[in-house]
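Biologist: Hello! I am new to reading protein models, and I would like to learn how to go through one step by step. Could you guide me?

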Amino acid sequence: MIPKISKETTLLDKTEELSGEKIFSCHKCGKCSAGCPVGTLMDVRPHQVIELVQANDWSVLESRTIWLCASCFQCATRCPKDVDLTRVMEALRLLVLRENFDHIRISEISKEELRELPPVALVSNFRKCTG
Ligand code: SF4
Ligand code: SF4
């Protein structure tokens with residue numbers, strides 16, 4: 001569940017402001033989705049994320065996709081329209097995190113998992129998934 005986010009501004013405006021990307025530059029070729037290394041695990045494919053933002057559909061913030069994105073820049077390098085989807089994903093995560101909503105909570109990770117997980121994985125995930 002995501003927090004109630006103020007909708008005084010449009011999702012499109014907020015995403016463009018935070019990411020610096022021109023969302024309507026996308027011409028829906030799908031090359032970002034085709035090259036995404038974790039695309040098959042996503043509930044919303046990368047090119048569909050752009051479509052939802054274009055449509056001002058806030059439900060994109062409820063997708064697993066924005067948290068699964070590995071910030072690898074593969075989509076950005078493949079995009080023929082110079083849309084940096086990595087920055088768009090980051091902007092969408094920020095919209096959630098700025099509402100004091102953490103995607104992961106250390107209290108919900110078991111002691112066994114904390115012992116087994118590599119510290120670098122924990123640190124990078126807390127950077128990405130907590131505000
Ligand atoms: S930056 Fe994210 S969306 Fe883009 S290719 Fe990498 S994992 Fe996929
Ligand atoms: S590669 Fe670029 S232009 Fe093509 S769908 Fe993805 S964001 Fe849009």
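Modeller: Gladly. Let us begin with accessibility: a residue is called buried under 20% relative accessible area, exposed over 50%, and partly exposed in between, using a 1.4 Å probe and the protein chains only. This is a predicted model, where local features need pLDDT of at least 70, side-chain atom pairs count only at pLDDT 80 or more, and totals for chains, interfaces and linings use all residues. Residues are numbered from 1 along each chain as its sequence is written, chains are lettered from A and ligands numbered from 1 in the order in which they are written, and side-chain values use heavy atoms, with hydrogens and water left out.

Biologist: Is Ala55 buried or exposed?

Modeller: Ala55 has a relative accessible area of 54%, so it is exposed. Glu8 is exposed too, at 80%.

Biologist: Where does Ala55 lie?

Modeller: For that we name elements: helices (H or I, at least four residues) and strands (E, at least two) are DSSP runs, numbered from the N terminus. Ala55 is in the loop between H3 and H4, and Glu8 is in the segment before helix H1 (11-19). For Glu8 and Cys29, 21 residues apart along the chain, the C-alpha separation is 31 Å.

Biologist: What should I look for in the backbone angles?

Modeller: One thing to look for is a positive phi in a residue other than glycine. Asn56 is such a case, with phi near 55 degrees, and Ser71 also has phi near 55 degrees. Asn56 sits in the loop between H3 and H4, while Ser71 sits in the loop between H4 and H5. Asn56 is partly exposed, at 31%, and Ser71 is partly exposed, at 28%.

Biologist: Is Arg93 buried or exposed?

Modeller: Arg93 has 1% relative accessibility, so it counts as buried. It is found in helix H6. Leaving aside neighbours within four places in sequence, Arg93 contacts Ile66, Trp67, Cys69, Ser71 and Lys128. Leu97, also in helix H6, is buried at 9%. With the sequence neighbours within four places left aside, the contacts of Leu97 include Trp67, Lys128 and Cys129.

Biologist: Which residues surround ligand 2?

Modeller: A residue is near a molecule if one of its heavy atoms lies within 4 Å of it. Around ligand 2 you will find, among others, Cys26, His27, Cys29, Cys32, His47 and Cys79. Its shell divides into six nonpolar, three polar and three charged residues. Here Ala, Val, Leu, Ile, Met, Phe, Trp, Tyr, Cys and Pro count as nonpolar, Asp, Glu, Lys and Arg as charged, and the others, Gly among them, as polar.

Biologist: How does the shell around ligand 1 divide?

Modeller: That shell has ten nonpolar, three polar and no charged residues. Of the 13 residues around ligand 1, Cys36, Cys69, Ala70, Cys72 and Cys75 come nearest. Helix H5 (74-78) and helix H6 (85-97) are the elements that give two or more residues to this shell.

Note on methods:
Contact = heavy atoms within 4.5 Å.
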